[in-house]
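I opened my notebook to record what I looked up, entry by entry. Two contacts between chains come up, then two single residues.

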Amino acid sequence: MTGAGEEMHALVERLYPLCRSITGDGVRATLDIVGEHLPLQVHEVPTGTPVLDWTVPQEWNIKDAYIADPTGKRVVDFAASSLHVLGYSVPVSATLSLDELRGHLHTLPDHPSWVPYRTSYYRPQWGFCLAQETLDALPDGDYEVRIDSTLADGHLTYAEHVVPGQVTDEVLISCHVCHPSLANDNLAGIAVATWLAGALAEGTPWYTYRFLFAPGTIGAITWLARNPERVGGALPAPAGPETGGRVAHGLVLACAGDPGRLTYKQSRRGDAEIDRVMRYVLAASDRPHRITEFTPYGYDERQFCSPGFDLGVGSLSRTPYAGYPEYHTSADNPDFVTPEALADTLAVCREACAVLDRNRRYRNLSPYGEPQLGRRGLYDSLGGRSDAQQAQMAMLWVLSLSDGGHSLLDVAERSGLPFDAVTAAADALHTAGLITA
Amino acid sequence: MTGAGEEMHALVERLYPLCRSITGDGVRATLDIVGEHLPLQVHEVPTGTPVLDWTVPQEWNIKDAYIADPTGKRVVDFAASSLHVLGYSVPVSATLSLDELRGHLHTLPDHPSWVPYRTSYYRPQWGFCLAQETLDALPDGDYEVRIDSTLADGHLTYAEHVVPGQVTDEVLISCHVCHPSLANDNLAGIAVATWLAGALAEGTPWYTYRFLFAPGTIGAITWLARNPERVGGALPAPAGPETGGRVAHGLVLACAGDPGRLTYKQSRRGDAEIDRVMRYVLAASDRPHRITEFTPYGYDERQFCSPGFDLGVGSLSRTPYAGYPEYHTSADNPDFVTPEALADTLAVCREACAVLDRNRRYRNLSPYGEPQLGRRGLYDSLGGRSDAQQAQMAMLWVLSLSDGGHSLLDVAERSGLPFDAVTAAADALHTAGLITA
Amino acid sequence: MTGAGEEMHALVERLYPLCRSITGDGVRATLDIVGEHLPLQVHEVPTGTPVLDWTVPQEWNIKDAYIADPTGKRVVDFAASSLHVLGYSVPVSATLSLDELRGHLHTLPDHPSWVPYRTSYYRPQWGFCLAQETLDALPDGDYEVRIDSTLADGHLTYAEHVVPGQVTDEVLISCHVCHPSLANDNLAGIAVATWLAGALAEGTPWYTYRFLFAPGTIGAITWLARNPERVGGALPAPAGPETGGRVAHGLVLACAGDPGRLTYKQSRRGDAEIDRVMRYVLAASDRPHRITEFTPYGYDERQFCSPGFDLGVGSLSRTPYAGYPEYHTSADNPDFVTPEALADTLAVCREACAVLDRNRRYRNLSPYGEPQLGRRGLYDSLGGRSDAQQAQMAMLWVLSLSDGGHSLLDVAERSGLPFDAVTAAADALHTAGLITA
C-alpha cells in the first residue's frame, strides 16, 4: 500500500502546477493525465447549456499574467504559481499606481508568506493574489499589470470512469477537479479516486462504480442535469443521453491526503446505507476518526444531497475544508500531502466498498425453528460443549435475522461479530440452500 | 420591561383583596378590573347547564363572616382576608363551644402564623381558616359564628379576549381566576396574560390569540363544552354559539410571579409544537429553568390535555403548585410576587409567541441542486473564501430542509443557527421566489 | 416461600440421579415424578416423525456402562453417575489398551476432579467422561469397556400441563428435561415450573398457562411442529391434533437455582410484552439482576424466537449457561442449587405472571375533560389541599392514558406509580363505568 501511496503522491505532484478552474484547458490537461491511469469518458458541455437552475458559463483560459514593478521586473508572475491570478479574471493590460492596484490585490496578512486562492466565477473582475510580504516590499510607482486570459463561449469539461459490477445499481465516487495549484484540495481526492477505481477493477464488484471527475458545484450540477434517470425520477427533466442504473450510494472525496485524522460527513439523510457503512468501517478500524453531521456547506455532497435528490451520498476527508490553516493557500502544496495519508484514505475506501458490496439482505428459507445444521455439515456434531465457535454463532445470527429486513451489516452490528465472519456464514448458508438473497 | 413588571404587580395588589371563587361576584369584580386593560367578552352560564361530564354549580356569594369570642370580639374576620372562609361555605349563624367549633376550623400547624386556603365546592359544609397561633390563643367558652353567604341558582362567569391574527387558527392562553387572596396563584398569571395580550396587539400576529380568564376546572370544562368546533371534531356535542378557528397551540399560565426559576410543563403529547417552542426558547435563553413531563394533575392543562381533546397545551409557571411552602396560604401575598419575575415571565411568553408565530414550513421550489443564489443577489459572488457567513449558511440550511416536513424551528435546531437568522433567511428566499409556504 | 424452596430442592435431589437424554426412559421417569405434583399430559412421538426441518431420532436407553482396569476393577462406572457416559453412545464391548481408549475419553484438565457432560446425538460414536485425576491414575494395560445401551426406533417423550385461564390466549412456560445428572441445568428449571403451575392454579389466571416439559431443541421443535395453530398461522403445516389459543407470551426457565443474581434474556423482538414485564418486575424489585439482549444461542428460546415464529418468549435464569465454571460438569450437583435461590426465582415468576395477567388496555369512556370523580365518590371532595393522594393520582393517570393505546404497565412506567396502585385505580374506574377494557 505504501507503493500506492507513493504513486498517488507522484500524481499529485505532477498535477500540481496546472491551472485548473471550473472550465478550460487546465481541466482538460488534468483529465488527460488521469486518463493515463484510467480510461475516461470525457464530456464537453457547451457554454449556455441550461443545467438545473444554472447555465454553463463561458470557458476561461489563461496564457500569462504578471505584475511588473516600475523597473519592469515581474514581482508577481502566473508562471510561478497558478494561484497568483484571481480565478476567472477578465483580461487586463494597464499601468496603475500602487494605490490603484491595491483594490485588485488579495493577500493573507496573518500568513504573510502565503499566497491565497481566490476566484470570481460569476462577477466579471480581475485580480492578483500574492504574499503579504511581497506586497509590503513593493515601492510606490507605476506598475504594469497584464492578464492574458480569455472568457468566451466554449465548454465545461468533466469525465467519468465506470467499473462495471454485477448489478446496474451504482455507487458514485465524485471528486472536484477545479482547484488550481492546491494539493490536498483536491489533487489528493483525484488521486485516491483514481487508485480506488483501479483496485475495484481487479475484481468484479457487486455494484457498478461510477467515478466522476468534475468541477465543483457547476460540474456536479451539470452531471445531475444530464443524468436524471440515475438520480431520482422526480427530476422534471427528460432522460439524459446516458442510460444505466440509479445511484444507490455515493461518496465525495475531498481533502483526502493531509496527515490529520479521517472525517466522514454523513449524508443529509443521516441513516443512508453509506452512512452506516462508513461509521461501521471507521469504528471497526483502529483509526482515529470523526463522524460529522450533514451540513449544506462543503463539497458536491451539497448538490447530491439537495432535497429534490436527497441521495445517500456522504463525504470522506481527512481534515475537512477550512479546518487547517493551509486551506486555500499556497501552503496546501504537495509537501502538505503524505503518501501514508493517501494510502490510508484509499484503504478505508476499499474497506467501505467491500462492506457496501457485501451488505445484502437474505431470507431464511427454513425460518420455523432452527434448521438442522449438523445434518448439512455446518455444525459441530459434538454437543454439550460450553464454547460456541464464532463461525457457528455467525450462522445462527444470520439465520435469526435473515427475515428480509436485516442486512448483513445489521447482523454484524447486533451480534458484535466481525463483518467478515458474518459474510462467511452467509456464504455457507447460501451454499447449503438455507438462505436466499 | 421593568415598567410592565411594576404595572403587573400593581394589578396583582389591586385584585388581591377580592374574594374570588368558581362563581360569584368576586370573579365579576376581577374581570371588571382586567377589563380596564383589555376589552373582555364576558360569558354568564346558568346554574344547571350540563357541561361535558359536569353541571354548572350554584353561584356562591358572601357578604360577611366572622367568629366572635365569648367577649364578642371578632377573632376571625372575613373582612380582614377572604381566605378566612372555607370556599363555598353554606351559611351559618350559631353559637358553639370551642370544642364544637374545632371541627370546622382549618389551620397549618407547621406554619402557625399562616392562614390556609380551603374550599368545599361539591360537598355542602361550612368552615373557617385561621392561623394556628390564633386558634391556640382562643379561650374556652361560647363562640358566635356567622357566615352570611348565599348558594343559589345563578351563573358561572368567564371572559375571553381575542387578538386577531393573520390566520384563524388559535393559540389559547388560559389562566384561572377562581382563587381568592392568593397572589402567585393566580393573580400573577392573570397579570401576565393581560400584558401579553396587550403586547401581541401591538402588531398583527400570525395566529389568532384567544385569552381565557375562567375559574379552574369547571371554567375550563364549561369553555370546552361550549367550543367544540375549536377543540376537536370528536367531541359529541353540537357546535357552540361561537365560531372561529381551532386551537392549534395553547399555554396555561399559573404561579407566574414568584422569584423561582421558570418551569415549563409539557403537554400530554410531549412533542407538541408548543412543547418544542418552549423548550427551544428556554434553552436558547440564559434563564435557569426546568422542563417537566406532563402529569394529569395541575391546572387546566388537565382538561385541555384530556385524552378526548389531547390539545397541544402546556403550562408555564415559575415555581409550580405545591412546590413552595407559601402555596395555598396567606403567605402567597403580593410580597411573594416580584415585578422582576412578572416581567421575566412576560418576556418568555413574548419570545415563545414570536417563535410560534414564525415557525412555518416551507417548500423549496428549486430543490434539484442548489439554486444559483449569486444570480439573485443572495450570495456573495466572491468564491473561494474560507469563512462562511451565518446568513449564507442560514439560506443553505433553509433550502436544504424546506421539503415540507421541516419547520424553521427544525432548521434552527439542526443547524445550530439562531432562530432569527433562520427566519431572516426564509424571508429573503421567499422574497426571491425560491421557497413557498 | 422457604417451604417451597425446600420442597423444590427436594425434587431436584430426587431427580438428580436419573439418566435423562433427549429420548428414553430417563425422561419418562422424570415426568413420572413431576406428575406426582402436577397432572401431566405425556406425548410420545415416534422415531422418524418429521418435525419442521428435523426428524425425531431413535430412542436411546442404557442399562450399564463401565471401564474396568487390567485388574478387573471398575474405574469408571455409569452406576456412580449418569455423566460418565457420552450421551447417545452406541453400544460397545471391547478390550483396548489405554492409548486406544484415550480417544474415547473426555476430561476437564482445568478442573481435574470434575466429570464433564458430553453428548453426541447426531454422530454415532461412544465415549466416557471422567475426572482428569482418575485418568491420570490409570496404569497402562488392557481395559475392558462396556456400554450396554440401545439405539432403536421408539419415541420422543414430552409432557404438558395446562392451567386454564379466563381467556384462551396462552402463556408458554418451557423447561428442558434432557440433561442427565445436572442440578441447575435444568432440574432447577423443572422444579420452578412445577411450583409455578401449582401457584397459578390457586386462582384463575387471566391467561391460560401452558407448561412444557420437553427435551431441548428437538423437543421444542417437535412441540412447535405439532402446535401450528398456537404459534403462528404462517407455519406451512396442517393444524395439529391439539386446539387452543395462540401463544401470546412465553418464558423459558433454565439454570434457575444457583445463588447468582437473576438474568432475563429478552426475546428476539426485544420489546415484546414479556420483555417489558420482566424488565419492570426486576427493576421494581430490590433484586440485583441483569437484562441481556437476545442471542440465537441458549435454550429453547432459540426455537420459539426463530424468525418464522418470532414469539414473544424470553428466558429467565440466574447465572446463565456457560457463565459459571460448574456448568455442564459434575459440580453442577444439588449442592450448587439452593432452596433460597429456587424460591426467589419462583417469586419473580409469580410477580411477572401477576403483572402480565393484569396488564390490560382500557378506554376512557368520558375522555372529554376529566369526569367528575367526586360525584361518583372516587375523589376527596375537599379541594384546595396541596397533597395529592397516590390513589387519586393513579385514577387521573389511568383516565389520561386509557386511550386504547396504553397498557396499565405503560401507565405505571410513565406515572412512576406502583403497578398495584394503577391496577387498583383501574378497578375502581371500571366499577364506576368510567373505563372499558
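**Entry 1: chain B against chain A**

I began with one pair: D53(A) and R376(B) form a salt bridge, with their closest N and O atoms 2.8 Å apart. I noted the rule: a side-chain nitrogen of Lys or Arg must lie within 4 Å of a carboxyl oxygen of Asp or Glu. Between chain B and chain A the count is four salt bridges.

Before going on, I wrote down that this is a predicted model, where local features need pLDDT of at least 70, side-chain atom pairs count only at pLDDT 80 or more, and totals for chains, interfaces and linings use all residues. Residues are numbered from 1 along each chain as its sequence is written, chains are lettered from A and ligands numbered from 1 in the order in which they are written, and side-chain values use heavy atoms, with hydrogens and water left out.

Next I looked up polar contacts. These are pairs of N or O atoms within 3.5 Å; within protein, one must be able to donate a hydrogen and the other to accept it, and residues adjacent in sequence count only if both atoms are side-chain atoms. Chain B and chain A have 12 residue pairs in polar contact, both residues at pLDDT 80 or more.

Which elements of chain B supply at least two residues each to the side that touches chain A? They are α11 (390–401) and β18 (403–407). Helices (H or I, at least four residues) and strands (E, at least two) are DSSP runs, numbered from the N terminus. α11(B) gives the most, with six residues. I sorted this side of chain B by residue type: 11 are nonpolar, 10 polar and six charged. Here Ala, Val, Leu, Ile, Met, Phe, Trp, Tyr, Cys and Pro count as nonpolar, Asp, Glu, Lys and Arg as charged, and the others, Gly among them, as polar.

The contact (heavy atoms within 4.5 Å) takes 27 residues from chain B and 29 residues from chain A. The size of an interface is often given as the accessible area lost when the parts come together. Chain B and chain A bury about 2,400 Å² between them, a value summed over both parts and found with a 1.4 Å probe. Of that area, 52% is on carbon and sulfur atoms.

**Entry 2: chain A against chain C**

I turned to the contact of chain A with chain C. Here 27 residues of chain A meet 29 residues of chain C. The two chains bury about 2,400 Å², with 52% of it on carbon and sulfur atoms. The rule finds four salt bridges across this interface. One pair I looked up is R268(C) with D403(A), whose closest N and O atoms are 2.8 Å apart.

**Entry 3: H249(C)**

Is H249(C) buried or exposed? H249(C) is buried, because its relative accessible area is 5% (buried is under 20%, exposed over 50%, partly exposed in between, with a 1.4 Å probe and protein chains only). H249(C) lies in strand β13 (residues 247–253) of chain C. Its side chain makes a polar contact with the side chain of Y207(C), at 3.0 Å. Leaving out residues up to four places away in sequence, H249(C) touches several others, including E170(C), E273(C) and L356(C).

**Entry 4: T150(B)**

T150(B) sits in strand β9 (residues 142–152) of chain B. T150(B) is partly exposed, since its relative accessible area is 41%. Apart from neighbours within four places in sequence, T150(B) is in contact with E59(B), W60(B) and N61(B). I also checked Y88(B), 62 residues from T150(B) along the chain: their C-alpha atoms are separated by 8.8 Å.
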